[in-house]
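Subject: Structure handover

Hello,

Here is the structure for you to look over. My notes come after it.

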Amino acid sequence: MSKSESETGSVLHTEQWLPLPVEKVFPFFADEKNLEVITPPFLHFHVLGKSTPEITEGTLIDYKLRLRGVPVRWQSRIEEWRPNERFVDTQVRGPYALWHHTHLFESVRGGTNVIDHVRYVVPLGFLGRWFVLPIVRRDVEKIFDYRRAKITELFVVPASRPV
């Protein structure tokens, strides 16, 4: 996992190899309800619905969660949708001044490399960068650490069990 911060935002980049072809991996990530499965319980994260029957470019997805106990509504828009290759979601409404998340799926070494590239900006400008960002950065890292462990549990551990 790598990250960087600047006035233009913070970046989190993760990569995780899964021992399955992209055609078996992508459908899990293409189902917005599975975000509930890979999000830590402390966020009380729930998908409320989406604007289209199937996800496509322009789909709006509504969520509710708790950030440090505070209830938050979040809406994201699918900006780009290329099945088995990539999709991009951007926060329309929510706690960040900016949240732009690119999900990439690459066929590599007989499996799939799942790449998350997130650029986010906390609100409150200079004050947010000094006082809010360190807390948010730790929370975002914790969320993606949990996500990585859960994805390993779902995709890697079952594949290594004898049939």
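Below are the source conditions, then the pocket, then the aromatic contacts.

This is a predicted model, in which local features need pLDDT of at least 70, side-chain atom pairs count only at pLDDT 80 or more, and totals for chains, interfaces and linings use all residues. Residues are numbered from 1 along each chain as its sequence is written, and side-chain values use heavy atoms, with hydrogens and water left out.

The largest pocket has a volume of about 710 Å³. (A pocket is an open set of points on a 1 Å grid over the protein atoms alone, where a 1.4 Å probe fits, with protein on both sides within 12 Å along at least five of seven lines; lining residues have an atom within 4 Å of a point. The volume is the space filled by probe spheres set on the points.) Its lining has 37 residues, and Phe45, Trp74, Tyr96, Trp99 and Ile143 are the closest to the centre. Helix 3 gives the largest share, 9 residues. (Helices are DSSP runs of H or I, at least four residues, numbered from the N terminus.)

The whole structure holds 15 aromatic pairs. (Rings of Phe, Tyr and Trp, the last by its six-membered ring, pair with centres within 6.5 Å; planes under 30 degrees apart are stacked, over 60 edge-to-face, the rest tilted.) Phe28 and Phe29 are edge-to-face, with centres 5.3 Å apart and planes at 85°. Phe29 also stacks with Phe155, at 6.2 Å and 10°. Phe29 is in helix 1 and Phe155 in helix 3, so this pair ties together parts 126 residues apart in sequence.

Regards

Terms used:
Helix = DSSP H or I, 4+ residues; strand = E, 2+ residues; numbered from the N terminus.
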